[in-house]
Amino acid sequence: MTATRYIIGPDSRPAFTRYARLHEDRARARTVILAPERAYELDPIGLIVLSTIDGVTRLSDLCASLAQQYSAPVEVITRDVTALLQGLADKRLLRDGVDPFSAPRPSAFASAITPFAGGPAGLLAELTHRCPLQCPYCSNPLELEKSNVEITAAQWGEAFRQAASIGALQLHLSGGEPTARRDLKEILAYAVEAGLYTNLVTSAVLLTREKLERLAEIGLDHVQVSIQDVVPESADRISGYEGGVPKKRDVARWTRELGMGLTINAPMHRQNIAHLPQIIDFAVEVDAQRIEIAHIQYYAWAQTNRAALIPTRETFMETVGIVDEAKKRLQGVLNFDFVIHDHYATRPKQCTGGWGRSIMAVTPSGKALPCHAAQTLPGLTFDDVREKSLADIWMNGSAFNAYRGLDWMKEPCKTCDRREIDYGGCRCQAFAVTGDAEATDPACHLSPDHARFAAYAETESQAPAPDFIYRRFGGAPQSAPAEESV
């Protein structure tokens, strides 16, 4: 199943894959390519070209037609069109010939809405906190919500329609483990009817081929499979679940056989970091288009297990070289999202694109959050999506406005020339380290807490790793061996 790079040439018959499509983003007055966890904006020329590809017309004929239509030299048109299409082919968004699988057609609802500008681009729907895995770095809150407080499929459906109506494009169906919901098919049907691009974020261990086929038939666009490790013994120990690796391999293979997009999500830490090359090989083996290699950020369960998870600076730096080499070697085969380790950084990352700027998260019980970890912060009030509209929550919710914009900032953020680039970094990480949610993210070298923050990693990564405190209801420590390195 291993893919090879699709080279665009005169005889190519390019078409979008099942999991990529043109979309009129009326909220932002633009046309985009919707793709796994992405929306690529197009200029007018790009839109003209991509509106003509159909998997039947040869590139040479397409370029000749465009040259005649616009009275331009065919060699110039061919050069520019080939470059545009090759870039998209290298993102694994194009294929040669018509895709045998069809993307869902826009519903009457999706075609009729007129979203307002300024809303979120994405909605993270945490359908449940139930999960068969017990990963010690889980970003769910320490106080997990039980199944008896979960909102219904119909209530999720209303939230999805409201999200689309305020401009959301991408929906991330997450958890916990979203496939633990027996009504997942009904929930997905509501999402497709709302016109959202659907991403299933899953550990994969509860899925069967039959279940996945049904989700594909309903209109699921993309599956993100989380990988704790690809060495079975290590994966079982990290996740607290036996036999996950072969199940994940099967689900990844089925995903591609059913024409959906596939991302491998590989959180990195000291317990699996030595196996990064094998994890990349796994992603290629199962024909994933994308891999997310993200060094863990330390809040919630990861903060509790920090000493068991932080790698040394040397091993972190090795991952930088491994990813750089793999990007070059696998151009057009596998796309990389690489998130560096905060403790070894000098600049902070944006907090979900800036607090209250691009995403809304909703918990299993219906609480709307400006960040999936926002419940780690004290003093915030989170509105219930069953009681207030998403538009009202997004614009007026006190939690969404708490750290939105620049007015809340203290020095050195307040006068920093990067304040509208990183927006002060992660509020949850700032609070976890300093006790002050308005403090500069300690990943920043300008933070007065940066040296202390970096010292945690230098000290803890050199010491023997303690046992994991597994992610579970109640959070009780478990006696599982956690070697210093794997």
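Predicted model: local features only at pLDDT ≥ 70, side-chain atom pairs only at ≥ 80, totals over all residues.

User: Is serine 239 buried or exposed?

Analyst: The cut-off you need is that buried means under 20% relative accessible area. Serine 239 has 3% relative accessibility, so it counts as buried.

User: And what does the side chain of serine 239 reach at 2.8 Å?

Analyst: That's the backbone oxygen of alanine 235. The side chain of serine 239 also reaches the backbone nitrogen of tyrosine 241, at 3.2 Å.

User: Next topic: helix packing. How do I read a pair of helices?

Analyst: Two packed helices are described by the angle between their axes and the distance between the axes. Here, take α17 (residues 427-434) and α18 (residues 450-460): they pack at about 85 degrees, and their axes are 11 Å apart. That angle makes α17 roughly perpendicular to α18.

User: Which residues in α17 and α18 meet?

Analyst: From α17 you get Gln429, Val433 and Thr434, and they meet Arg452, Phe453 and Tyr456 of α18. Sorted by class, that contact has three nonpolar, two polar and one charged residues.

User: On to the sheet. What is the order of its strands?

Analyst: Read it as a list of neighbours. The order is β12-β11-β10-β9-β8-β7-β6-β13-β14, nine strands in an open sheet with mixed pairing. At the edges are β12 (335-339) and β14 (368-369), each of which pairs on one side only.

User: In which sense do β6 and β7 pair?

Analyst: In the parallel sense: β6 (residues 122-126) and β7 (residues 170-174) are joined over five bridges.

User: Now the backbone torsions. Where are the cis peptide bonds you'd show me?

Analyst: Look at omega for this one. Glycine 176 sits in the loop between β7 and α6 (184-194). Another cis bond runs from glutamate 411 to proline 412, with omega near 5 degrees, and proline 412 is in the loop between α15 (398-402) and α16 (419-422).

User: What about phi? What is the value for serine 71?

Analyst: Phi of serine 71 is near 50 degrees, a positive value in a residue other than glycine. Serine 71 is in the loop between α2 (59-70) and α3 (74-90). Tyrosine 423 is not a glycine, yet has a positive phi of about 50 degrees; its place is the loop between α16 and α17.

User: Are serine 71 and tyrosine 423 buried or exposed?

Analyst: Serine 71 counts as exposed, at 70% relative accessibility. Tyrosine 423 is buried, with a relative accessible area of 11%.

How values were computed. Residues numbered from 1 in each chain as written. Heavy atoms only, no water. Axes fitted to C-alpha atoms, helices over the stretch in contact; angles between N-to-C directions. Helix = DSSP H or I, 4+ residues; strand = E, 2+ residues; numbered from the N terminus. Parallel < 35°, antiparallel > 145°, perpendicular 65-115°, else oblique. Contact = heavy atoms within 4.5 Å. Nonpolar A, V, L, I, M, F, W, Y, C, P; charged D, E, K, R; others polar. Pairing = 2+ DSSP bridges. Buried < 20%, exposed > 50% of the residue type's maximum accessible area, 1.4 Å probe, protein only. Polar contact = N/O pair within 3.5 Å; in protein donor to acceptor, adjacent residues only side chain to side chain.
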